[in-house]
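Colleague: Can you walk me through how the two chains meet, and what stands behind each label you use?

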Amino acid sequence: MILDHNSSRAGSGRSQPANDLSRRNFLQVGAATGGGLLLSLRLPVLGGEAQAADGSDFSPNAFVRVDRDGQIVLTMPYVEMGQGTYTAIPMLIAEELEVDLKQIRLEHAPPNEKLYANPMLGVQATGNSNAMRGGWQPMRQAGATARIMLVAAAAKRWNVDPASCRAQNGEVLHPPTGRRVKYAELAADAAGIPVPDKVVLKRPEDFRLIGTPAKRLDAPAKVNGTAVYGIDARPAGAKIATLAQSPVFGGRVKSVDDKAARAVKGVRQIVRLDDAVAVVADHMGAAKKGLAALVIEWDEGPHAKLGTADIAAELEQATLKTGAVAQNIGDVDKAMAGAATKIEATYEVPFLAHATMEPMNCTAHVHKDGCEIWLGSQAMARIQAAAAKTAGLPLDRVVVHNHLIGGGFGRRLEADGVIRAVEIAKQVEGPVKVVWTREEDIQHDIYRPYWFDRFAAGLDEKGMPIAWNHRFAGSSVIARWLPPGFKNGLDPDSTEGAIDLVYALPNFHVEFVRVEPPGIPTAFWRSVGPSHNVFVVESFIDELAAAARQDPVAYRSALLDHNPRAKAVLALAAEKGGWAKKLPKGSGRGASLQFVFGSYEAHVVEVEVSKDGDVRVRRVVCAVDCGTVVNPDTVQAQIQSGIMFGATAALYGKITLENGRVQQSNFDTYQVLRINEAPAIEVHIVKSSEPPGGMGETGTSAIVPAIANAIFAATGKRLRKMPVAGSQLKSG
Amino acid sequence: MATTINVNGVDRTVDVDGDTPLLWVLRDLLGMTGTKFGCGAALCGACTVHIDGVATRSCIIAIDSVGTSAVTTIEAIGATAAGARIQKAWLDREVVQCGYCQSGQIMSASALLAKNPHPTDADINDAMSGNICRCGTYVRIREAIKDAAQSNRQGALQ
Ligand code: FES
Ligand code: FES
């Protein structure tokens, strides 16, 4: 997802230019309790831009502390969900501070109740692939500032010119005299040094850590079973609960017969809510057994007859009306009138569940003095606010303990889980851990929206596009999640990947029509907007190439003369992917190209389609230009991960409804790519000194059209409705 | 009814219904949270443990069917030769992302390596396709298993 505001869309990079970052706005320095040096920073967080922008009210959300024992402690607003943030961000500080990565310790933010009393938290969230983009300048600047102050403290102590001193490996050296002193001994003095007016950051050629693969700091605990996720939290005396929510969105509990459930050994209590019933027990085994024994009658409410087909039909209708203009270049109508050929197509993408490996869960304890929450969240402040509201408590009475997240993908930006847990905890004596079954997790997810797209293009006599018209309808996640982000019928996420295309398209018009599906909540998902837009745009451009009887890569490339970074990644993917080489019958190669989340990425994919229409994705070659690479290993891992996630969606992903009920329930009906189906993946990273782009979500959007285009190359069949499964690809 | 099972070499007694899945006994009653819940239906492999050395989905194994078998979990797998090699290869290859599936992946991979020191790609597919990784770490899982097998070979040559 993307929450950059429109003003920052222009040009190649979306990260803030350095001169916007006057130190007053984002960095303060002082003494830490205990006498060390404390740097307080303001990092951009998802949805937090509004507060950060005015600059007058400095509200830090990240802290770098140089302790008197030499330990460097970082507290930051981004959470680790597997994307490697806990390793890459410390690298930025360590680089400028001249310490070893191992000297930096991370503390979960927010760390304690004291900070809760501080209004600093604002909207705090990790998402939008923005941790590296947001942290790139300020984190390095913080490291450099601390280093300069430590050097100045040493120089003062030795009574020498700071310019004759040098920082290295957690020490300040004075080469002329051979003296050296550890940061630990300087931390207290440094806090009293005036803050430097100007800090000069290292040149890329001097980077010692940035650009060199670094081991993940969180890995050891994750291979020996000691890592603690939200679902592993167990405050003393906690009971375990599981629940059944109304199978139809918007339904309510009419009656509950809980006699048999109460008789289950280990079941302690049945909690009835307006639209859900929970079984509280000594352990999950008893809670699940109790749940199965409940007889619940539901009042299904207004959506009892809803089906996916109704929603798709409504969206299709909506694309016949005008929408909000997301981008207009030139005069499409005029160009279309003069076109030699006209191509039209419609596309559809389904609802998708997140299906994070760690099922939804939240532990809550509501007691007379307040409320305590244990979970893994991408949006701590939102969790705290939701818990406070549900418990009827002031914010400062709610303590949230954050844990590792077993997969976020946008699901852990939502507060529905904490609301449920607090509703239940209000009726339970002592803490209660509410764990959703996988079936509840999939059937009561907040889904990636369904979208319907209508395209028309005009080609000139050479087959090149002279008019591009795209209108699409669907839900706006931002309108619900961050209402101020939805303006004039548009939001930056819904349109990312549909506008500001890499291609030179002289007459270009894109409209969005917001239509909310009745009763069905929609949410961010890995790559949200681009997961849809890149699929439709890159499929349609492939259709144009086919209509023009041109090679799909050459066709794209001809539209990229003004965009060297895009052209270069496409050429690299084509070369490494053996674009020109022949494939056996039944196999095909497809390409895609995108610029989203501030990174350029091209894929060349090989698929094999059997006579029965089964599709195997054999090989994916990816070329990426994500600006400066902080941790190359993380970039590669994230791309591999994003590709598997996108390939899962392309091949299998869909959530459908019938009679108001989600039809999928577990990994048998909501399939996920397995190791035996996983393609070989090659990642080629373009060397660049541009500011870093986001990497957590790009692979997901790029792979889907590449697969669809490869299927077209293999079979001549164009897939305009995702997923592939169920498509009519049989050739026999 | 009190039932005694042997987990990581230690006898543990719990008082639950005999049909209670082993997973919940481990996690909720014995506090061994390294073994994860993913689906509850033998579809994802997150809950994989070893029962007498065989990779088993603990979410569908009733506690009263364990008997005197030895249950080994992620907390103790590092004490076995295959487990230690797999864990090391996992770190060397930087396999983990969110990490949630990895206890189960490591248990499946260690069981494979213990009985088949030099697995082929097809062997790896057979042993590992019951373990879902939503973060898509499959490329590295395969590489890590091969590394661990390689270190096996080197160990044997010494
Ligand atoms: S939790 Fe046992 S296989 Fe998924
Ligand atoms: S590492 Fe996240 S599910 Fe496998």
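Modeller: Between chain A and chain B that comes to about 4,700 Å², and carbon and sulfur atoms give 57% of it. On the chain A side, Val223(A), Met357(A) and Ile675(A) lose the most area to chain B, together 18% of what that side buries. Mind that this is a predicted model, where local features need pLDDT of at least 70, side-chain atom pairs count only at pLDDT 80 or more, and totals for chains, interfaces and linings use all residues. Side-chain values use heavy atoms, with hydrogens and water left out.

Colleague: What confidence does the predictor give the complex?

Modeller: The complex gets an ipTM of 0.97 and a pTM of 0.87. For chain B, the mean pLDDT (the predictor's confidence in each residue, from 0 to 100) is 95, and 96% of its residues reach 70 or more.

Colleague: Why is Lys289(A) with Asp17(B) called a salt bridge?

Modeller: The rule asks for a side-chain nitrogen of Lys or Arg within 4 Å of a carboxyl oxygen of Asp or Glu. Here the closest N and O atoms are 2.6 Å apart, so the pair qualifies.

Colleague: How many residues are in contact on each side?

Modeller: With contact meaning heavy atoms within 4.5 Å, 62 residues of chain A touch 52 residues of chain B.

Technical notes
Residues are numbered from 1 along each chain as its sequence is written. Chains are lettered from A and ligands numbered from 1 in the order in which they are written. Buried area is the accessible area (1.4 Å probe) that two parts lose on being put together, summed over both.
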